[in-house]
Amino acid sequence: MDRKTLQLTVLTRLSLHIDMDESARLARYLIEDLIPFDTAITELVEAKIDKATERLIAGKPMQYVTHRADFYGYQYYVDKAVLIPRPETEELVYQVLQYLKKINNRISFDRNLDKRPIPAILDIGTGSGCIPVTIKNEHNECNIIAVDISNAALKVAIHNANHHGANVTFFKQDILSEKLTKPNEPYDIIISNPPYIPTSEIAVMSESTVKHEPQIALFTDDEFGLVFYQRIADLCSTWLADDGAVFLELNEYHSLKIRDIYLNEGSFDSVEIIEDMLSLIHISEPTRRTPIS
């Protein structure tokens, strides 16, 4: 059997359970991701594709079947320990990178600086590591620390950082713990795509998401899914530099509540909510801190 025939066989099987257009897309990606182009189609290869096809028919996301996810032009390893990177999070990364460019442009006009300072960045709940690894590869002049409560997720993140040659520091941390140690130096940027879906909303979630993706990275026990936003706002008083910024992916249904947390309780004056691809991203800088320029 050749590649084309094998792909057609997968398509035929998938189309009995899934829409034809989606079946064609899945069949193509399955063959491309699991079989290098110059690989001979042996019985072992056919058996591998057969098992993968069964997983797709059972509703397992393609990225967990192939252990590959595309993000910001990079390919990341993913498994059930981490969320599948989404286009909305690419927008979050884009906004951070634009902000880093703005910092560089401002600093470049300061003739009194002998050496350009290196921005320090914290990524909270890093999961697959796609956020810090992408930022480091796109903007090497930054120091990034990424934390997660899951050992399994950190293992995936470290693998991805090594694969892409990104110098990111990872360690385990429960950001909700009351026993957190203040960093030696404040961060210039704090980023997070935290769990923000109340468990009460599980019934309206995609079955595939609820069944296959790690619930610890999705759901919170509080009424509106705000616990992590509140915690990060609290930490900013001591963890964020005087001219720092916060970038958060939001729960679109409670974006105004989150804005109010940072305006009223976090003493942030400048809050921008950016809507793109049905995602809301929160960017804030506190007025009590001195401007970069």
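Me: In this predicted model, how far apart are Glu22 and Arg25 in helix H2?

Reply: Glu22 and Arg25 are three residues apart in helix H2 (residues 20–34), so about one helical turn separates them. In general, side chains of opposite charge can pair when their charged atoms come close. Here the side chains of Glu22 and Arg25 form a salt bridge, at 2.6 Å from N to O.

Me: How many salt bridges does a search of the whole structure find?

Reply: The search finds five. One of them joins the side chains of Arg13 and Asp50, at 2.5 Å from N to O. Arg13 belongs to helix H1 (residues 3–15) and Asp50 to helix H3 (residues 43–57), so this pair ties together parts 37 residues apart in sequence. Arg13 is partly exposed at 22% relative accessible area, and Asp50 is partly exposed at 37%.

Me: Which residues are linked with Arg13 in a network of salt bridges?

Reply: Asp50 and Glu54 are linked with Arg13 in that network.

Me: Which residue forms a salt bridge with Arg86?

Reply: Glu213 does, with the closest N and O atoms 2.5 Å apart. This pair links distant parts of the chain, 127 residues apart. Arg86 sits in the loop between strand S2 (74–76) and helix H5 (87–107), while Glu213 sits in the loop between helix H8 (207–212) and strand S8 (219–220).

Me: Is Glu213 buried or exposed?

Reply: Glu213 counts as buried, at 5% relative accessibility.

Key
Residues are numbered from 1 along each chain as its sequence is written. This is a predicted model: local features need pLDDT of at least 70, side-chain atom pairs count only at pLDDT 80 or more; totals for chains, interfaces and linings use all residues. Side-chain values use heavy atoms; hydrogens and water are left out. A salt bridge is a side-chain nitrogen of Lys or Arg within 4 Å of a carboxyl oxygen of Asp or Glu. Helices (H or I, at least four residues) and strands (E, at least two) are DSSP runs, numbered from the N terminus. Buried means under 20% relative accessible area, exposed over 50%, partly exposed in between (1.4 Å probe, protein chains only).
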